[in-house]
Amino acid sequence: MIKEPLISIIIPVYKVEKYLGQCMQKVLSQTYGNLEIILVDDGSPDSCGQMCEDFAEKDSRVVVIHRENGGLSEARNTGLDAAGGEYVAFIDSDDYVSDYYIGNLYKALNGLDAQMAVSCYEAVYDQTPPKTCAAAVKDSEIHLGSPKECLKRICYQNSGIEISAWGKLYHRSLFSDIRYPRGLLYEDIPVTPQLLHRCSRIAVIPNVDYYYRQRRESIRSNSFHPQKLVAVENTRELMEFINAAYPEIQLAGECRYFSTVSNILFHIDSSEYQDVRRKLWAEICKYRRDILKDPEGRKKARIAAVISYFGYDFMKFAFGVMNAMGGKSH
């Protein structure tokens with residue numbers, strides 16, 4: 001019998017004592033057994049460090065690394081440097097996964113001899129169970145995708161695939177000279193496209209095996225802060241990368257950029273950021289026509305583009321209404 005390859009799951013841990021137990025319960029119950037579970041305690045000031053040690057004492061697959069606080073990117077990079085697996089996956093410690101998360105991804109990747117496997121996610125809220133039911137992936141559901149297809153689906157944000165590090169299984173070699181940027185929010189945006197671009201074969205499955213928790217104290221809180229402008233810059237670079245490498249899906253890149261600019265712009269309430277507001281509004285006006293002429297464009301982006309012709313104040317009001325109806329944006 002061929003032994004399953006070792007898969008390293010990297011889990012950064014910081015101020016999540018309320019959620020870490022559920023996260024680890026699901027990780028330890030994976031149907032795929034040959035795991036190295038790397039808990040990176042990023043200087044958490046609560047009881048997370050001890051909780052990590054307790055998990056390691058109970059299960060020999062768990063490895064704990066304690067480090068000074070450096071942020072999510074540095075914690076992930078620390079895990080990557082320590083990983084001994086042939087494949088790596090990520091889970092954020094305030095989220096959780098189905099029992100099939102790793103097993104489904106590995107079956108898809110191995111079956112198609114791919115360098116990466118991608119599955120879907122569901123946004124969940126505290127005290128609310130997921131709407132989807134987890135199951136083992138069927139052979140007929142495994143699809144051979146391409147970097148272009150995956151980037152297109154990511155940009156349109158309507159297919160359950162996200163740009164985040166999680167929700168994917170990677171061959172370790174993809175990270176040979178790539179690490180997450182230090183000290184920035186939205187650290188996935190510049191990295192995931194590079195990893196996809198390196199792949200000649202990507203396995204894609206429809207299974208929803210990752211549950212992305214929406215919580216008020218998240219680092220992506222809806223209130224505006226200048227650091228969030230990194231999202232605009234990173235998404236602009238994503239758009240430019242797509243224009244150069246995959247010009248056939250240029251409109252998809254513009255749609256993602258337009259959505260990001262809209263999301264950041266209409267969370268600016270303080271008059272302190274008038275210059276930022278004017279610059280972002282100019283970007284809305286620059287790209288709205290392209291968004292409208294894209295028949296595949298994200299519905300919410302197309303509606304926003306139409307509304308933008310009624311002016312900034314009306315669009316801000318409408319954006320608030322749409323967000324209230326649709327929940328948080330990721």
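Colleague: How do you know that Ser308 is buried?

Modeller: Its relative accessible area is 2%, and buried means under 20% relative accessible area, with exposed over 50% and partly exposed in between (1.4 Å probe, protein chains only), so Ser308 counts as buried. Ser308 is placed in helix H10 (residues 299-308), where helices (H or I, at least four residues) and strands (E, at least two) are DSSP runs numbered from the N terminus. Leaving aside neighbours within four places in sequence, Ser308 is in contact with Trp281, Ile284, Arg288 and Met315, contact meaning heavy atoms within 4.5 Å.

Colleague: What is the basis of these values?

Modeller: This is a predicted model, in which local features need pLDDT of at least 70 and side-chain atom pairs count only at pLDDT 80 or more, while totals for chains, interfaces and linings use all residues. Residues are numbered from 1 along each chain as its sequence is written, and side-chain values use heavy atoms, with hydrogens and water left out.

Colleague: What makes Cys255 count as buried?

Modeller: The relative accessibility of Cys255 is 1%, so it counts as buried. Cys255 belongs to helix H8 and touches Tyr156, Ile291, Gly297, Arg298 and Ala301, if residues up to four places away in sequence are not counted. Cys255 and Lys152 are 9.9 Å apart in space, C-alpha to C-alpha, although 103 residues apart in sequence.

Colleague: Why are H7 and H8 called roughly antiparallel?

Modeller: The axes of helix H7 (residues 229-245) and helix H8 (residues 250-265) come within 8 Å and cross at roughly 170°. The axes are lines fitted to C-alpha atoms, for helices over the stretch in contact, with angles from 0 to 180 degrees between N-to-C directions. Angles under 35 degrees count as roughly parallel, over 145 as roughly antiparallel, 65 to 115 as roughly perpendicular and the rest as oblique, and H7 and H8 are therefore roughly antiparallel to each other.

Colleague: Why is the pair of Phe266 and Tyr312 called stacked?

Modeller: Rings of Phe, Tyr and Trp (its six-membered ring) pair if their centres lie within 6.5 Å, and planes under 30 degrees apart count as stacked, over 60 as edge-to-face and the rest as tilted. Phe266 and Tyr312 are 5.4 Å apart centre to centre, with 25° between the planes, and the pair is stacked. Phe266 lies in the loop between H8 and helix H9 (274-292) and Tyr312 in helix H11 (residues 312-326), so the pair ties together parts that are 46 residues apart in sequence. Phe266 counts as buried at 5% relative accessibility, and Tyr312 is buried with a relative accessible area of 15%.

Colleague: What makes the pair of Trp281 and Tyr312 edge-to-face?

Modeller: The angle between the planes is 90°, at 5.7 Å centre to centre, and the pair is edge-to-face. Trp281 in helix H9 and Tyr312 in helix H11 are 31 residues apart, and their pair links distant parts of the chain. Both Trp281 and Tyr312 are buried.

Colleague: Why is helix H3 described as largely enclosed?

Modeller: Eight of the 11 residues of helix H3 (residues 72-82) are buried, so H3 is largely enclosed by the rest of the structure. The buried residues are Ser73, Glu74, Ala75, Arg76, Asn77, Thr78, Gly79 and Leu80, and the buried residues of H3 pack against S1, S2, S3 and strand S4 (87-90).
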